[in-house]
Amino acid sequence: MRFFLLILKNLSRHKTRTVLAVVGISIGIATIVALNLVMENASKMIEDTFIKQGDFDFTVAKAGSADVIVSYIKEEQINMVNEMPGIQDSAGLLIYMVPFNNNPYFFSFGLKKEKLELGGVNLIEGRAFEDDAEDEVIIGKVASKNYDKKIGDTINLNENDYEIVGIYETGTAFQDGGTMMPLANAQKLQDLEDTVNLLFVKIAENYNVEEIAQMIEDDSNEELVSIIDIDDFDAVDQGIKIMDAGTWMIGILAIIIGGIGVMNTMVMSVSERTREIGVLRAVGWKKSRVLLMILCETLLIALIAIIIGCGMGAGAVRLLMFSDIAEGFLNPSYFEYTTYLKAIIVAVLVGMVGGLYPAWKASRLSPLEALRYE
Amino acid sequence: MVQIKNLSKEFEEGRVKALNGINLTIKEGEYISIMGPSGSGKSTLLNMIGALDRPTSGEIFINKHNLADVKNLAKFRSKTIGFIFQLHNLIPTLTAKENVLIPMFEARGKGKDKKKKAEVLLKKMNLGKRTDFMPTKMSGGERQRVAIARSLANNPKIILADEPTGDVDSKSGAMIMDILEEINNKEKTTLIVVTHDPVIGARAHRKLKMLDGRFQEEANS
Ligand SMILES: Nc1ncnc2c1ncn2[C@@H]1O[C@H](COP(=O)(O)OP(=O)(O)OP(=O)(O)O)[C@@H](O)[C@H]1O
Ligand SMILES: [Mg+2]
């Protein structure tokens with residue numbers, strides 16, 4: 001008989017109890033996996049939107065905004081940036097939300113036609129809108145699919161009818177899940193003439209990107225912020241930071257609860273088997289083997305919970321993705337092992353910590369007293 | 001084989017004197033029975049010899065090794081001692097064969113050989129047809145024979161049996177004793193049996209009587 005088989009048989013003794021302990025940890029793991037899938041995707045999306053995509057080098061936003069949507073950059077600030085040495089080109093983007101088809105968070109963007117390329121917007125079908133056409137929009141690939149809108153179709157936003165003249169792709173879910181129109185149109189609709197939310201900036205050759213990014217912040221008296229890497233994003237949008245902290249809090253809490261559950265299970269199990277452990281010691285089992293047995297039982301519970309929890313977490317996100325709202329925001333990468341790695345490490349730690357105390361207790365039992373235990 | 005010098009054991013901070021200066025020498029292959037009233041210290045003595053507990057004073061030598069100097073008592077038990085208790089103490093979720101395999105976890109060797117050995121031992125106990133039975137599916141006598149097979153798993157030098165027939169009827173008890181005696185006879189394993197049953201006690205070559213933590217008399221030695 002293998003040691004592993006013995007552990008398996010011990011766990012199958014009280015099946016309900018084992019299952020409950022597994023469920024306890026699984027829920028914690030599922031929570032971490034699900035939140036991670038969403039968070040990692042959100043971070044990647046932000047990175048793509050503000051730094052990586054298109055031809056620009058970085059993005060300028062208004063400092064201290066609670067959300068990108070309320071980052072308002074005024075005309076004089078746009079001009080100030082454009083007149084700085086080393087700025088080769090810039091593109092202002094206006095972002096707003098309009099209710100559409102039961103989705104209150106449908107995004108619409110305003111961008112000038114000649115800045116589409118700089119902003120990372122690739123037309124995959126049809127043509128771009130004309131800057132002076134008041135009733136033309138292009139639609140993102142995801143939105144086109146979700147709402148079954150093709151070139152030539154009409155889309156009603158803000159009680160205006162627009163003709164779809166092209167389909168675009170940026171590679172980020174939240175942009176591809178909306179529509180785009182000429183900047184001037186969007187500004188007029190939102191009563192935000194000469195204002196943009198974000199300014200994509202391209203730096204000329206032979207200029208140092210970081211220096212210019214810093215200069216923009218300095219020259220605007222810190223009213224503007226340059227987003228060169230993901231950490232800079234905190235200055236514009238606290239949401240992601242709060243969500244990230246929340247994710248960890250919830251995950252850690254869930255795991256602590258699961259850990260207490262598994263410890264309780266094992267303490268009960270050891271106490272029930274006191275006599276048995278006395279026999280094991282009497283027939284010559286070393287303390288360390290008793291310790292190993294209890295620890296392995298706990299780790300096996302954690303291991304089963306890892307498999308179930310990862311599946312549950314990914315499954316929950318997959319279910320969420322069936323809603324149009326989520327699909328407009330997210331594009332989770334289910335097969336990124338790093339998402340699961342965190343959960344697995346935490347679960348193994350929980351198994352170790354939850355199992356160590358009962359295992360230590362079991363190994364410390366005096367064989368004689370254990371044998372006399374009623 | 002076993003040499004006990006001036007052995008005393010106290011419990012409850014000296015309020016209970018379970019053993020009071022025991023002196024005893026046991027030769028290899030001896031067959032000893034220990035009888036005496038309840039509370040006279042029989043089990044305590046057996047537990048001392050089997051290194052389940054440490055004496056308060058006095059010394060125990062096994063094969064010339066002072067038990068007080070043995071660092072790894074578990075290893076000593078595993079290699080030298082075979083315990084049989086009044087209650088069989090089998091693990092309820094394991095089959096007869098798996099229960100016999102339990103002590104072999106601490107021994108070297110291939111899993112296949114160990115399994116074979118467990119089967120051979122059970123066959124010797126007349127349990128060849130019961131190897132895959134769960135303890136709950138066996139009679140008290142059968143369970144006790146599984147426990148004997150388990151005690152023999154690592155070829156012990158000494159078998160310590162504490163009322164091995166206390167929980168079974170006289171017919172099963174006689175069978176258990178037959179088996180133990182055969183082992184003592186053939187393998188020259190030292191056998192120490194604690195019992196309340198005078199018929200069983202009388203079967204031993206050397207009969208010891210205990211009272212208040214001392215040997216009272218030694219008949220026919
Ligand atoms: N762990 C212990 N703690 C306290 N007292 C103990 C302990 N073990 C044994 N004793 C006491 O030591 C004395 C001898 O006990 P022991 O179990 O050796 O008797 P015994 O001869 O085996 O009795 P029985 O025939 O009933 O099994 C008893 O008075 C008992 O109460
Ligand atoms: Mg006793």
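Mentor: Happy to! Let's begin with a term: helices of at least four residues and strands of at least two are DSSP runs, numbered from the N terminus. Keep in mind that this is a predicted model.

Trainee: Which element supplies the largest share of the shell around ligand 1?

Mentor: Two elements of chain B, strand 2 (16–26) and helix 1 (42–49), each give at least two residues to that shell. The largest share amounts to three residues. Those residues come from helix 1 of chain B.

Trainee: Between which chains does ligand 1 lie, and how many residues surround it?

Mentor: Ligand 1 is placed between chains A and B. Among the closest residues are Ser38(B), Lys42(B) and Ser43(B). Altogether, the number of residues that surround ligand 1 is 15.

Trainee: How much of ligand 1 does the protein bury?

Mentor: Let's look at some contacts on the way. A polar side-chain atom of Thr44(B) is 2.5 Å from an oxygen atom of ligand 1. Backbone N or O atoms also come in, with one of Gly41(B) at 3.0 Å from a ligand oxygen and one of Gly39(B) at 2.8 Å. Ligand 1 on its own exposes 630 Å², and the share of this that the protein buries is 72%.

Trainee: Now the sheet: in what order do the four strands of chain B stand, and which ones are at the edges?

Mentor: The sheet is open and its pairing is antiparallel, with the order 2-1-4-5 in chain B.

Trainee: How many bridges join strand 1 of chain B to strand 2 of chain B?

Mentor: Strand 1 covers residues 2–11 and runs antiparallel to strand 2. As one example, Lys9(B) stands opposite Leu19(B) in strand 2. The number of bridges joining the two strands is seven.

Trainee: Which residue in the turn between strand 4 and strand 5 of chain B has a positive phi?

Mentor: Two bridges join these antiparallel strands, and Ile62(B) is opposite His65(B) in strand 5. The two strands form a hairpin with two residues between them. The residue with a positive phi, about 50°, is Asn63(B).

Technical notes: Residues numbered from 1 in each chain as written. Chains lettered and ligands numbered in written order. Predicted model: local features only at pLDDT ≥ 70, side-chain atom pairs only at ≥ 80, totals over all residues. Heavy atoms only, no water. Near = heavy atom within 4 Å. Polar contact = N/O pair within 3.5 Å; in protein donor to acceptor, adjacent residues only side chain to side chain. Areas by Shrake-Rupley, 256 points an atom, 1.4 Å probe, with all protein chains shown as cover. Pairing = 2+ DSSP bridges.
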